[in-house]
Amino acid sequence: MTIIRADYVMRMNESFEIITDGAVVFDAHIQAVGKAAAIRDAYPDAEFIDAGEKSVLLPGLVNPHVHLEFSANRTSLAYGDFIRWLRSVIVHRDALSEACKEICMKKVLDTIVQSGTTTIGAVSSFGFDMKPCVHSPLNVVYFNEVLGSNPAMVDALYANFLGRLDESKQYARKSFIPAISVHSPYSTHPMLAKKALEIAREEGMVVSTHFMESPAERAWIDSGTGDFAAFFEDFAPGSKPVNTAQGYLSLFRNVDTLFTHATQATDEELALMQEIGYITHCPVSNRLLHNGRLAVEKVEKLTLGTDGLSSNISLSLWDEMRAALWMHTTLEPNQLAKQLLTAATREGAKSLKREAGVLEVFKDADLIVAQLPETVAHIEDLALQTLLHVKEAKMVFIAGERI
Ligand SMILES: [Zn+2]
């Protein structure tokens, strides 16, 4: 049993409770949360760690949407427009995946842990990131991706997907959960999506998908026009959209789904996605690809993802939260900071069906300590001050083990 004491304990519960001079006692799970003196009295034999002055103890961060396979990208890919970026991905993808193999991916995963993230949802296109994820101390929900819009290719693509899914199932355990990603409405034939989603329904797997990421996707799905029309003319002449927006969303009914981006979604679609599951906000990616802004003020079931280094410069959720803070200029910053921290902890964990993300008894002891530069004079601003000043975690515990 271990006790950590911190100047501020941010429980991330519904009432946004903050305990000053607080402590958490835990083994693999949290046993109690409260004032430090009371916890020490109740657990006199526990190992005691004092996180020091100006410390903040909170649940480990949850990043449910990251692509590790393009982690080598720094300046190879084109930004500013979604289709321009997509064309550059097609040109550079082999070189990029060649340039970040297992050792490189291990380093990337280590930086994610150091930042204070304790759980990720890794969207995997090829399976190159499977072993590094299996060996990482992180909790990983591993989304095996399926895509392909050509009906003649459905069987071959499905077989390839099943091979990767089956391999990932061999490693299944509490900290490595096989899951499914259906790429997007513009790229995935409904026949393929339905087959994959049937597995998710039967086996209770979490599912991830991209939805309404760009104005080009909106125009293509709604009317078969826009920049995607020219794109498909080059790669698959005569293509027509294979899904409607409503039809695509309906495929996910009764599946625990995370819908990513949704910058171009209508209010009706935002409501339907939240009926089914959660919406994942990736502000840096959306900004770099000039895709517009997710209306976070309309999203209660919000999670926060970094996407991959193919459209970001960092896989730290602290950087991502700061980006979101600057993006949503009409929203009050203290309220927004609380919403973002909640998205990056409690809601992220719930979306991935993890018993974590909140400092409550029996939850997994996924905990981090962050360091503030000074004592916070206005404690009601603690979320905002933490979000502004924290660059990485001072201590990280996953399932009670110090990493
Ligand atoms: Zn993505």
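Buried here means under 20% relative accessible area, exposed means over 50%, and partly exposed is in between, with a 1.4 Å probe and protein chains only. Strands are DSSP runs of E with at least two residues, helices are runs of H or I with at least four, and both are numbered from the N terminus.

Keep in mind that this is a predicted model, where local features need pLDDT of at least 70 and side-chain atom pairs count only at pLDDT 80 or more, while totals for chains, interfaces and linings use all residues. Residues are numbered from 1 along each chain as its sequence is written, and side-chain values use heavy atoms, with hydrogens and water left out.

**Around strand 15**

- In a regular strand, side chains alternate between the two faces of the sheet.
- Strand 14 (residues 367-371) runs antiparallel to strand 15, joined by 3 bridges; two strands count as paired if DSSP finds at least two bridges between them.
- Across that pairing, Met 395 in strand 15 has Val 369 opposite.
- Strand 15 also pairs with strand 16 (residues 401-402), again in the antiparallel sense, over 2 bridges.
- Here Glu 401 in strand 16 stands opposite Ile 398.
- Strands 15 and 16 make a hairpin with 2 residues between them, and Ala 399 in the turn has a positive phi of about 50°.

**The zinc site**

- The protein donors of the zinc ion are His 65, His 67 and His 210, each through NE2, plus Asp 307 through OD, at 2.1 to 2.5 Å from the ion.
- Donors are N, O and S atoms within 2.8 Å of the metal (3.2 Å for Na, K and Ca); water is not among the atoms, so sites may look incomplete.
- The arrangement is irregular because the 4 donor atoms subtend angles of 84 to 168° around the zinc ion.
- For reference, four donors count as tetrahedral if all angles lie between 85 and 135 degrees; four count as square planar and six as octahedral if opposite donors are over 155 degrees apart and all others between 65 and 115; anything else is irregular.
- Along the sequence, the donor residues follow the spacing H-x1-H-x142-H-x96-D.

- The largest pocket has a volume of about 1200 Å³.
- Its lining has 42 residues, and the closest to the centre are Leu 86, Arg 93, Leu 147, His 183 and Ser 187.
- A pocket is an open set of points on a 1 Å grid over the protein atoms alone, where a 1.4 Å probe fits, with protein on both sides within 12 Å along at least five of seven lines; lining residues have an atom within 4 Å of a point.
- A volume is the space filled by probe spheres set on the points, with grid points joined across faces, edges and corners.
- Helix 2 gives the largest share of the largest pocket's lining, 6 residues.
- By class, the lining of the largest pocket has 22 nonpolar, 13 polar and 7 charged residues.
- Nonpolar covers Ala, Val, Leu, Ile, Met, Phe, Trp, Tyr, Cys and Pro, charged covers Asp, Glu, Lys and Arg, and the others, Gly among them, are polar.
- The second largest pocket comes in at about 320 Å³.
- Of the 20 residues lining the second largest pocket, Thr 111, Leu 309, Ile 313, Ser 314 and Leu 315 are the closest to its centre.

**Strands 1 to 3**

- Strand 1 (residues 2-10) and strand 2 (residues 18-26) pair antiparallel over 8 bridges, with Ile 3 opposite Val 25 in strand 2.
- Strand 2 also runs antiparallel to strand 3 (residues 30-35), joined by 5 bridges, and there Val 25 has Ala 32 opposite.

**Positive phi in loops**

- Lys 54 is not a glycine, yet its phi is near 60°.
- Lys 54 lies in the loop between strand 4 (47-50) and strand 5 (55-59) and is partly exposed, at 25%.
- His 290 has a positive phi of about 55° and is exposed, at 53%.
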